Amino acid sequence: MSGLPGAGTSPGLGEASDLKFPLGAKFREPLTEARFQRLFGDAEQAPELLAEPRSSRLCRRWRRLASACSGPGAWRLLRARLPPLRWLPHYRWRAWLLGDAVAGVTVGIVHVPQGMAFALLTSVPPVFGLYTSFFPVLIYTLLGTGRHLSTGTFAVLSLMTGSAVERLVPEPLGGNLSGIEREQLDAQRVGSAAALAFGSGALMLGMFALQLGVLSTFLSEPVVKALTSGAALHVLVSQLPSLLGLPLPRQIGCFSLFKTLAAVLTALPRSSPAELTISALSLALLVPVKELNVRFRDKLPTPIPGEIVMVLLASVLCFTSSLDTRYNVQIVGLLPGGFPQPHLPDLAELPRILADSLPIALVTFAVSASLASIYADKYSYTIDSNQELLAHGISNLISSLFSCFPNSATLATTSLLVDAGGNTQLAGLFSCIVVLSVLLWLGPFFYYLPKVRNSGGMGVTGGGGGYILGHWGSQLASSAPKAVLACINISSMRQMFFQMQELPQLWRISRMDFAVWMVTWVAVVILSVDLGLAVGVVFSMMTVVCRTQRVQCLALGLAEGTELYRPLEESHKLLKVPGLCILRYPTPLYFGTRGQFRRILEWHLGLGEGRKETPKLDGPPDAVAEPVRVVVLDCSGITFADAAGAREVVQLARRCRDAGIHLLLAQCNASVLGTLTQAGLLDRVTPEQLFVSVQDAAAHALERLVRGQ
């Protein structure tokens, strides 16, 4: 490697040492941006790098699209959109197949009772929970990139969908509905839920077309965890009437949690002893089983399927004790076999449900992408956030044709799949086989599953111990969910409630993130899940903006014996050269920070009245005691600058020139430098005042001070 042109030498050091050794840099001429481009870059292409013409970008994009139309390009596109084409040829059949089979069957067994239970939160008959546990899982297996992700019904989405369905299709005030009227009401609610799935799927596909996978970063981890924890509390309170056997209407909208609590306390004397006993026994079994699965997850070959055991025990108890006829306990009845006929949801509903589809789509993508990222980091593989948008968008869109409600990745079943030994998306196929078996052959086994009494006071008919549910397997009002399935809903919230245990650690790590968590959680609990999500996202973004407003502009000093510049406040041994001020501004320079940037620079440089009006920011008392003759502005922390920020730098250059202060800029990235150039910076300063590093700018400043300029 040859030395730099014009670089000086020292005894014992060749020209090549100037580039190889950091301390050799003091023997060479300081590098400006222009000189660096002449030595190491293409000077003719440098202006194009700062502002690439739109025509060049369009041509490059057209060439990329044209290459995709070729044979190899089409194959690459197909492999990118169908992940099994990438991982299936490398599948380790002997090592992974058994784990995927066991994990898939285990998750499928849990999907059956949970799917029916979460259908209650959605205000649709239980069989549609089974449909939602089949079609989305199958589609994600073909399109998803999360190897350990389990999709299907999710309590938070079911709660959000149920609130929207109750608002769109409210139950008549009288409450006493005939069988035909109940079927018509259920049909309307199923249509609304399917329309919500269609709308959220279409929105996610639109986000995929625009390559908006990056939007997942705006839903931070504190926001997602607070959202799910607050929604878990909503689920718990909404299931209280079922646990107590109280035929209460479902509360929706803001303050619904407190309205439900007040209604439950008022109606508490009318609790049903039969349903209360069933609920107590169900929780007495489910909660300990959940705890055993967590405590002995390393010792158990597979987690204990407490939900399916509870469903079978409750069905046997109801059949042998005739609870339906003796204590007026309603039962699920016959689940229809097969699948519904595919049909488009009512597109006339789309304008009405658009406002509800957007938060559902955001929550679907945020929860799924965050869960996939967690396990991808743990098992050392990568996910494609845009492909996840495509997978969940198509999953919701196609499943809505089969009357499914919105779905996403789920916390509980994903953790269960990993604990059971799942390795790839192939586990989803085994899960689908279990749910398919229930839909085709095992539905009659759930005939005697208990449910609470109808809110309209309708008695139970049929001499065989139950009654047949209409076309979709249920004539139950949305305000009268099943007792056992309600207990399954509550027990599945365990993991979401335990997220609150992370709050003390979050307080120690970042109090700002702690504030985001608490504000989001309080908003979700007090208002609603939709509004709480909006409040959490807005507050999270505001904290980012506020943090850019409260940064410290650091005055730098030289560490003796090196060419390292560190903040003066870190040590009193750092050298401060009289007449030289080196400042580092560590935040983007945009319209929101331009005023702060001006005040800070005025204070440090003694320009105008800024020094008198602005309180001390940092550095020792003599940080600006000497008149400043040369100022070096380290721009390495300025990641971007907008037009307002760029004009502020141009004004600073003008004021420095009028005050006799020589301004040097160091370490501007290409984007910032291009913006400053377009704003007219080179009309105020010369290219020789732009340096590649703080060390080069400081060396030039020292030479200037020594010469007395």
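**View 1. V363 and its surroundings in the nonpolar core.** Skip the neighbours within four places in sequence, and V363 is in contact (heavy atoms within 4.5 Å) with V156, L157, M160, L227 and L533. V363 is also one of three residues, with V156 and V529, that touch the most other members of the largest nonpolar core, which has 81 residues. A nonpolar core here is a set of buried Ala, Val, Leu, Ile, Met, Phe, Trp, Tyr and Cys residues joined through side-chain atoms within 4.5 Å. Buried is under 20% relative accessible area, exposed is over 50%, and partly exposed sits in between, using a 1.4 Å probe and protein chains only. Helix 18 (residues 350–378) gives the most to this core, with nine residues. A second, separate core has 37 residues, among them C553, V631, A653 and V685.

Some notes on the model: it is predicted, local features need pLDDT of at least 70, side-chain atom pairs count only at pLDDT 80 or more, and totals for chains, interfaces and linings use all residues. Residues are numbered from 1 along each chain as its sequence is written, and side-chain values use heavy atoms, with hydrogens and water left out.

**View 2. Helix 10 against helix 18.** The axes of helix 10 (residues 155–168) and helix 18 come within 10 Å and cross at roughly 175°. Axes are lines fitted to C-alpha atoms, for helices over the stretch in contact, with angles from 0 to 180 degrees between N-to-C directions. The pair is therefore roughly antiparallel, a label for angles over 145 degrees, while under 35 is roughly parallel, 65 to 115 roughly perpendicular and the rest oblique. Helix 10 brings V156, L157, M160, T161, A164, R167 and L168 to the contact, and helix 18 brings R352, I353, D356, P359, I360, V363 and T364. Sorted by class, that's nine nonpolar, two polar and three charged residues. Ala, Val, Leu, Ile, Met, Phe, Trp, Tyr, Cys and Pro count as nonpolar, Asp, Glu, Lys and Arg as charged, and the others, Gly among them, as polar.

**View 3. Helix 27 alongside helix 29.** Here the axes of helix 27 (residues 594–605) and helix 29 (residues 643–658) come within 10 Å, crossing at roughly 20°. That makes the two helices roughly parallel. On the helix 27 side you'll find R594, F597, R598, L601, E602 and L605, meeting A644, E648, V649, L652, R655 and C656 of helix 29. The class tally for this contact is seven nonpolar, no polar and five charged residues.

**View 4. G557 in strand 5.** G557 belongs to strand 5 (residues 554–558); helices (H or I, at least four residues) and strands (E, at least two) are DSSP runs, numbered from the N terminus. With 1% relative accessibility, G557 is buried. Its C-alpha atom is 5.3 Å from that of K576, 19 residues apart along the chain. Leaving out neighbours within four places in sequence, G557 is in contact with L564, Y565, R566, L568, L574 and L575.

**View 5. Two loop residues with positive phi.** Most residues other than glycine have a negative phi. F255, in the loop between helix 13 (240–244) and helix 14 (256–267), has a positive phi of about 60°. F255 is partly exposed, at 43% relative accessible area. S403 has a positive phi too, near 65°, and lies in the loop between helix 19 (385–400) and strand 3 (408–409). At 7% relative accessibility, S403 is buried.
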